[in-house]
Amino acid sequence: MGLEVHLQLATSSKIFSGSSTAFGGAPNSQACYIDLAMPGTLPVFNELALRCAVMFGLGIDAEINKISVFDRKNYFYPDLPKGYQISQLHHPIIGRGTFDLFLGDKTIYQIGITRAHLEEDAGKSVHSHFDKESGIDLNRAGIPLLEIVTDPDFRSSAQVISYLKALHILVTYLGISDGNMAEGSMRCDVNISLRKQGVDSLGTRTEIKNINSFRFIERAISFEINRQIDILEDGGEIIQETRLYDSELDETRSMRSKEIANDYRYFPEPDLLPIHITDDYISKIRNSMPELPLAKRSRFIETYDITEYDADVLISSREIADYYEEVVTTCMNSKLAANWIQTELLAKLNKSEQSISESPVSAKKLGLLLSKIVDETISGKIAKQVFSEIWSTGEDPLLLIEKRNLKQMDDSSEIESIVQTVIDQNADQVKQYLSANEQKRKKLLGYFVGQIMKSSNGKANPKAVNQILSDKLSEQP
Amino acid sequence: MEIHSQSIAQLSAGLQRKDFSSEEVTRAFLERINSLDHLYNAFITVNEEGAMSAATKADQRIANGTNEILTGIPIAHKDIFCTQGVKTSCGSRMLDNFIPPYNSTVIGNFNDSGAIILGKTNMDEFAMGGSTETSYYGPCYNPWNTNKVPGGSSGGSAAAIAASLTPGATGTDTGGSIRQPSSFCGITGLKPTYGRVSRFGMIAFASSLDQGGPMAKTAEDCSILMNVMSGNDPKDSTSAAKESEDFSANLSQKIDGLKIGISFQNHAKNLDLGYQNCLEQALNQLEKLGAKLVEISLPRNSFAVPTYYVIAPAEASSNLSRFDGVRYGYRCDNPENLHDLYTRSRSEGLGDEVKRRILIGTYALSAGYYDQYYGKAQKIRRLIRDEYLSCLKNVDVIVGPTTTGPAFDIGSKNNDSISMYLEDTYTVGANLAGLPAMSIPIGFVNECPIGMQLIGRDFEESKLLNVAHQFQHATDWHLQSPIKKNNA
């Protein structure tokens, strides 16, 4: 399998006009004369789109072409206002590169990137709302896209999904796209072909277009592979065609065959000059690049002494990674921070369907809370109570600990008196203890500690309790 | 001198001296259009109300001293320049209902200078043609002889100037569309270097060749118009990043020692004897002014017409795809489905010559033919430019005929596209090479004016205007008028 991903670049204006690229505007409210292809209007290239493309190229260590050329791809469609799409055919901005995938079994799998080129998006035909007529919404027309084409290197849908997830992480790290599949910021076409074991060349391929969720991608691939196997095993032939995945029927079906007949009559776009970029331009961008996900992953494992699994979770978005690092700097315990973020924070966020940037508990507050575990002011159990409470109230954890008097009892005289009371109230158990063997003693010790913690409302420092208790017991006659 | 007989420079001086007001000048031209244009059909739209209210404002600017050289001067614009609030048809039924909500940069520049938009001039449909006969609004007639074509595609602008319906006009030139009608109508026209004048809002025919330029009675007037219309435009990525310059500054410089390249094979072929004589006299005149004639050779120019007729239609076939009946312009009645909407809107909205070129261009770009046609044509284009550039290393200006002869009869080439296309023999080279070129009147053949073409180096419009102005200083061909002729 090979993939073509259309990535919507995070520029605030369109690739060839000044219109806004915001999602969800009223139909045609973000389409200017240029987007409408009014007579005489001309495209002007948005340099930010170039910057995004170069960042992507640097992010996967690909060739960046010093000269790239826009071409016109000519075809008639109502949502294509000019009657051609401005794209790049022969001289794409990004040439060959490779993409490293870390699969579950700790192996690295390399996906070849064939090329990536800049182009403009088309508008949208709206078929509902109108009786026997179609509407056209051109808000999307002219939104900058980077089409990223891979070699046919994928062997399973799991690899495809893990590539798309890793790509999503990379582009959001780079800040060049929000990668939002549901809003169409990342759209994927899958090319599938089979070959018999031992045969070198791939069979005829089909292309499945525009599948907009990981789940559907998995199902579409599995359907299409089985469809092709059935045809080939019956002695049939695969027709090279574009197919659409229908998520309701869970099947792919052929799009009109006009696609095959289309001759796009590509030629260099005469309204735009070729893009020339200098080494200086590239190195300036290189210097401003954020740390990439894989580099961060290695650093986390090395510096913070956490597991690969933890690292994968913590780098899964730049926001989570930043959050984690802030918690670590505040509480000074990287493993505790990693555990808490995964088991408490992310679980709670998941439940409330919030992203980490919307978290009611900031990294600073969580860090301060954990620092109180680290310095033994409170126990982990108390910390969980505090976390629950500040999650809903947004209170400061330190003030809350103070206000509720949740600090561990460190004062030995106070603990001593509690221990003494417990010993006094449990004369029978103390007797049993003194005559018991090692194993039984342990059990009873646990009982005493439980009683002590109970009467201290869980605040007594367990270390001190243990010490004082064993001292007191050994003093018993 | 009557208002309508004056040049732009004279009118500007008169306005400054308060000999007359802009309102008077504007009204004088509007009245001439109203009473005479039925003879020529030079205008598609006359901007009567807009012109008079702009004239009132111009008079205020003149009164308070904030006027510029073109403030209050009426100018006609080829109907290819989008004009906010004024129908801009491009000579096509397709855009018969199109009123742009924006100005082309050229129109915007003229508006800023305080010039008056007199109206929109007739043209070949989408600028495809050399006779202004393919216009949806009917043919335009040559004021020197109304049985003849005015040339094209900027025939309306040329005819309007020749008939003194406007002192100056804009045109566009993709393969000769300013120079050829200038030659046929006995006026002065300049196609600037590609990139000098913004193409924004100028309805595209062939993007890599199209260039707007000035048309007027004199080189001096062309220089004044150039000062307003040219300049870098961020809205046009192919616009040259050049500082704007004063094109009038060098007009009066002597051309002593100027080297003029003459390509003799140019006027040996296809050129009638009368034309050759006029050209010889013009060259003699330039020599008298101190210029030196140098023989040059441009053998690759013989490939210019076939090269042009691959590149221009190819780009046009793509540029005209937007006219699909979906968003604006002509839409057929009761389309049955999308295919029907496309087919009938375009079949009914576009004329034969436009369809012919769309077909040629689509073919030239087709899979399997690209290398053979478009790809090869682009290579030859480069060779043609290289040849011009190497000649222009040795000479300052290349001089030759603008056209193969004087204006031809209306209808005489309607069924002969090839002969119509060969009309462009001398002009398309400058478009392919991107070089500035102009045409100035040098005499008459069969009582119809003919022109001489001057081609210069990239961005050396000033030199062309200087040579033309010096020539016009010494001759009076540019002062001839069909009005005088008809009176005589």
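## Notebook: sheets, helices and chain contact

Entry 1. I began with A:Asp71 and found its bridge partner in β14(A) to be A:Pro268. I noted that this is a predicted model, in which local features need pLDDT of at least 70 and side-chain atom pairs count only at pLDDT 80 or more, while totals for chains, interfaces and linings use all residues. Residues are numbered from 1 along each chain as its sequence is written, and chains are lettered from A and ligands numbered from 1 in the order in which they are written.

I then looked up A:Arg72, whose bridge partner in β14(A) is A:Phe267. On β4(A), A:Arg72 stands opposite A:Ile86. I recorded two bridges between β3(A), residues 71-74, and β14(A), which run antiparallel. Between β3(A) and β4(A) I recorded four bridges, again in the antiparallel sense. For these entries, two strands pair if DSSP finds at least two bridges between them. Helices (H or I, at least four residues) and strands (E, at least two) are DSSP runs, numbered from the N terminus.

The three strands of chain A form an open sheet in the order β4-β3-β14, with antiparallel pairing. I marked β4 (84-87) and β14 (267-268) of chain A as the edge strands, since each pairs on one side only.

**Entry 2. The eight-stranded sheet.** I next traced an open sheet of eight strands in chain A, in the order β5-β6-β9-β1-β10-β11-β12-β13, with mixed pairing. Its edges are β5 (97-102) and β13 (251-254) of chain A; each has a single partner strand, so one side of each is left without a neighbour in the sheet. The twist averages 30° from one strand to the next. For angles, axes are lines fitted to C-alpha atoms, for helices over the stretch in contact, and the values run from 0 to 180 degrees between N-to-C directions.

Within this sheet I looked up β11(A), residues 206-211, and β12(A), residues 241-246, which pair in the parallel sense over four bridges. A:Glu207 has A:Thr242 as its bridge partner in β12(A).

I then asked which helices pack on these strands. Helix α3(A), residues 214-233, packs on the sheet and touches β10 (186-192), β11, β12 and β13 of chain A; its direction makes about 15° with that of β10(A). Helix α1(A) lies across β5, β6 (108-120) and β9 (144-150) of chain A, running at about 170° to β6(A). Contact here means that the C-beta atoms of two residues, placed from the backbone, lie within 7 Å.

**Entry 3. Helix α1(A) against α2(A).** I looked up the packing of α1(A), residues 47-59, on α2(A), residues 157-174: the angle is about 125° and the axes are 10 Å apart. That makes α1(A) oblique to α2(A); angles under 35 degrees count as roughly parallel, over 145 as roughly antiparallel, 65 to 115 as roughly perpendicular and the rest as oblique.

From α1(A), A:Met55, A:Phe56 and A:Gly59 meet A:Leu170, A:Val171 and A:Leu174 of α2(A). By class I recorded five nonpolar residues, one polar and no charged. Ala, Val, Leu, Ile, Met, Phe, Trp, Tyr, Cys and Pro count as nonpolar, Asp, Glu, Lys and Arg as charged, and the others, Gly among them, as polar.

**Entry 4. Helix α8(A) against α9(A).** I found α8(A), residues 318-331, packed on α9(A), residues 334-351, at about 135°, with the axes 9 Å apart. That makes α8(A) oblique to α9(A). Their crossing is right-handed. Among the residues in contact I noted A:Tyr323 and A:Cys331 from α8(A), and A:Ser334 and A:Ile341 from α9(A). The contact has nine nonpolar residues, one polar and no charged.

**Entry 5. Chain B against chain A.** I recorded 35 residues of chain B in contact with 25 residues of chain A. On the side of chain B, α10 (304-319), α11 (338-349) and α12 (352-365) each supply at least two residues. Of the elements, α10(B) gives the most, with three residues. By class, that side of chain B has 18 nonpolar, 10 polar and seven charged residues.

**Entry 6. Backbone exceptions.** I looked up two local points. The peptide bond from B:Gly152 to B:Ser153 is cis, with omega near 10°. B:Ser153 is in the loop between β3 (116-121) and α5 (155-162) of chain B. A:Asp305 has phi near 55°, a positive value in a residue other than glycine, and is placed in the loop between α6 (293-304) and α7 (308-314) of chain A.

Notes
Left-handed = near helix turned anticlockwise from the far one by under 90°.
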